[in-house]
Each structure stands twice: as structure tokens, then as C-alpha cells.
Amino acid sequence: MSAIETIRAYYDAFNRQDMDAFLALLTDDVVHDINQGERQVGKQVFATFMQHMNRCYKENLTDMVIMASEDGNRASAEFVVNGEYLATDEGLPEANGQTYVLPAGAFFELKDGKVARVTNYYNLNDWIAQVGA
């Protein structure tokens, strides 16, 4: 698979909520840079993060644009997050089913056809304003 095909498969699995397919696209030592947060390392840690996210948020990503370096080792994606805030996330406003639409992006490093690093970005202040802090 090319870098663009790998990233498209990653986001297709995300949108289907197919965590087995999603996690299969990660290296065992994947580095995850959480938006405005910490760096986590490892597929199991990422799986735990996704369990938490899927409990608190229901999201569908649209308007996807994926770009890759010529050598296929780096990629980026820009997209729109269409979401619903399902359960209160610690330290954030109370959830009551609020919806939001948020531009976002991600940067990737790929190794052997899998995601080895993903760095996500969205404007947290915009999200807080949308869910009604």
C-alpha cells in the first residue's frame, strides 16, 4: 500500500469504528502525539486511548485531503471532524449530546506500510466554544 492508501485506510477504519482494522495499521511502537497533550508510545496505549475517545465522542471525518512525501515515509491529512460529545471527558465541559464541526489535521511517519507516528491537531478552544463551556 502507498502512504496515501495507508492513511486513507486508517481513516476509513476510524469512520467505521473498526478498531481492529484501525490498530492493525499501526506499528507496535507507534508514537501518538495527542493534540495539546502528551506523547504516548505503543499500540496498546493507543488502543486504550481510542477506547476512551470512543466512549466520550462519536466522530465522522469528512472532506479528507491526504498528502505524502515522494519517498512515502511521511504523510499528512486535513479533514473536518463532525462529532457528538457523548460522555463528559475529565477536565472538559459537561457532555449532553452537543454536536460540533471542527477543522483538524494530522502528520504521519510511516514504516513498512504502517503508521509509526501520528501527531494530531485541532483548535481546542474552538471545540470548547462549540460545546458550550
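Which residue in E6 is the bridge partner of Ala106?

A: This is a predicted model. In it, the bridge partner of Ala106 is Asn120, a residue of E6. To place that pair, begin with the two strands concerned. Strand E5 covers residues 99-111 and pairs with E6 in the antiparallel sense, over eight bridges. Strand E6 covers residues 114-122. Another pair between these strands is Ala104, which stands opposite Tyr122 in E6.

Next, follow the chain from E5 into E6. The two strands form a hairpin with two residues between them, and in this hairpin Asp112 takes a positive phi near 50 degrees. Asp112 is placed in the loop between E5 and E6. Is Asp112 buried or exposed? Its relative accessible area is 83%, so Asp112 counts as exposed, because the cut-off for that word is over 50%.

Strand E4, residues 74-85, pairs with E5 in the antiparallel sense over eleven bridges. One of the pairs here is Ala75 with Phe108, the latter being the bridge partner in E5. Strand E5 therefore has E4 as a partner and E6 as a partner, since two strands count as paired when at least two bridges are found between them.

E6 also has a further partner. Strand E1, residues 26-33, is joined to E6 by four bridges, and these two strands run parallel. An example is Asp33, whose bridge partner in E6 is Thr119. Taken in order of pairing, then, E4 goes with E5, E5 with E6, and E6 with E1.

Gln36 is not a glycine, yet its phi is positive, about 50 degrees. Gln36 lies in the loop between E1 and strand E2 (39-41), and its relative accessible area of 55% makes it exposed. Gln17 is likewise not a glycine and has a positive phi, of about 60 degrees. The loop that holds Gln17 runs between helix H1 (3-16) and helix H2 (19-24). With a relative accessible area of 38%, Gln17 is partly exposed.

Now step back to the whole protein. There are four helices and six strands, and along the sequence they follow the pattern α-α-β-β-α-β-β-β-β-α. For 133 residues, a compact globule would have a radius of gyration near 14 Å; the protein has 15 Å, which agrees. The C-alpha trace spans about 45 × 30 × 25 Å along its principal axes. Of the 133 residues, 42% are buried. Among contacts with a separation of 6 or more, 55% come from residues 24 or more positions apart.

The accessible surface comes to about 7300 Å², and carbon and sulfur atoms hold 50% of it. There are 10 positive and 20 negative side chains, and the centres of these two sets lie 5 Å apart.

Note on methods
Residues numbered from 1 in each chain as written. Predicted model: local features only at pLDDT ≥ 70, side-chain atom pairs only at ≥ 80, totals over all residues. Heavy atoms only, no water. Rg over C-alpha atoms; globule rule 2.2 N^0.38 Å. Buried < 20%, exposed > 50% of the residue type's maximum accessible area, 1.4 Å probe, protein only. Contact = heavy atoms within 4.5 Å. Areas by Shrake-Rupley, 256 points an atom, 1.4 Å probe, with all protein chains shown as cover. Lys, Arg positive; Asp, Glu negative; His and termini not counted. Charge placed at Lys NZ, Arg CZ, Asp CG, Glu CD.
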